[in-house]
Amino acid sequence: MTTLKLSSVSCRHGGLSAVNDVDLELSPGEHLAVTGTNGSGKSTLLRAILGLHRDVTGLIEVYGAAARTRADWRRRCADVAWIPQRQAAGQFPLLVRELLDSGRDGRAARRAADELGVGDLLDRPLSTLSGGQLQRAYLARALGQVAAGARLLLADEPTAALDFAGQEQVAEVLAALPVAVMVVTHDRVVAAACGRVAEMAAGRMREVR
Ligand SMILES: Nc1ncnc2c1ncn2[C@@H]1O[C@H](COP(=O)(O)OP(=O)(O)OP(=O)(O)O)[C@@H](O)[C@H]1O
């Protein structure tokens with residue numbers, strides 16, 4: 001069974017066509033980097049997969065099923081590990097410990113937080129973290145979701161705010177994940193570690209490797 005299947009997916013922001021007719025299949029354990037110019041629709045597409053962008057046509061199937069009801073979408077959000085874009089990530093009124101515990105395996109997420117160097121920030125509100133600390137906390141939560149059984153990780157520029165050592169560490173952590181990964185990135189190291197690379201331009205996706 002394909003882990004993620006997109007059939008003729010298009011997304012609009014009001015009058016703007018942000019994603020145009022994207023087809024994609026991601027098998028279990030496959031890693032896909034989505035690169036491309038700013039504003040080409042990458043984040044919109046990731047958000048649409050989770051139901052966070054709703055002006056969508058076409059079919060989005062995760063683990064072989066489309067989401068139709070609110071309960072389906074809620075289940076999908078719980079079953080898919082997710083690292084949001086940095087600007088969005090700090091807006092939730094949560095402490096780091098609450099973020100980690102929201103990923104279904106809080107103990108695994110806390111272990112990952114220790115390994116990623118943010119295990120001592122548990123009582124800090126997300127809004128007070130630096131960009132790099134925030135990305136590490138979200139990665140730790142995502143690793144908790146994977147430990148709890150998520151078979152797909154969607155990540156939106158997960159190394160954008162990291163120092164050089166952090167970029168390498170996170171690229172290594174992502175590369176070692178045994179689950180399917182779709183990562184939007186401008187980071188060559190992260191893209192190089194993925195088995196497949198797709199480029200987006202003006203809402204269209206073209207696989208380049
Ligand atoms: N909330 C919004 N309202 C209106 N237009 C939007 C909104 N969010 C994004 N857009 C537009 O949709 C298009 C796609 O944006 P998107 O954020 O998906 O691009 P991206 O490829 O992720 O860009 P970047 O590499 O800069 O993060 C852009 O033209 C953007 O201006």
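Begin by selecting the 6 strands of the open sheet, which run in the order β6-β7-β8-β3-β9-β10 with mixed pairing. Strands here are DSSP runs of E with at least two residues, helices are runs of H or I with at least four, and both are numbered from the N terminus. Two strands pair if DSSP finds at least two bridges between them. Strands β6 (81-83) and β10 (204-207) stand at the edges with a single partner strand each, so one side of each lacks a neighbour in the sheet.

This is a predicted model, in which local features need pLDDT of at least 70, side-chain atom pairs count only at pLDDT 80 or more, and totals for chains, interfaces and linings use all residues. Residues are numbered from 1 along each chain as its sequence is written.

Next, select β3 (residues 31-36) and β9 (residues 196-201), which pair in the parallel sense over 5 bridges. Within this pair, Val34 stands opposite Ala198 in β9.

Now select α1 (42-49). Of its 8 residues, 8 are buried, meaning that 20 or more other C-beta atoms, placed from the backbone, lie within 10 Å of the residue's own. Among them are Leu45, Leu46 and Ile49. Just after α1, Gly51 takes a positive phi of about 80 degrees.

Finally, select the ligand. Which residues surround the ligand? They are His13, Leu16, Ala18, Asn38, Gly39, Ser40, Gly41, Lys42, Ser43 and Thr44, where a residue is near a molecule if its C-beta atom, placed from the backbone, lies within 6 Å of it. Two or more of these residues come from each of β2 (16-26) and α1, and α1 gives the largest share, 3 residues.

Methods. Buried ≥ 20, exposed ≤ 12 C-beta atoms within 10 Å, placed from the backbone.
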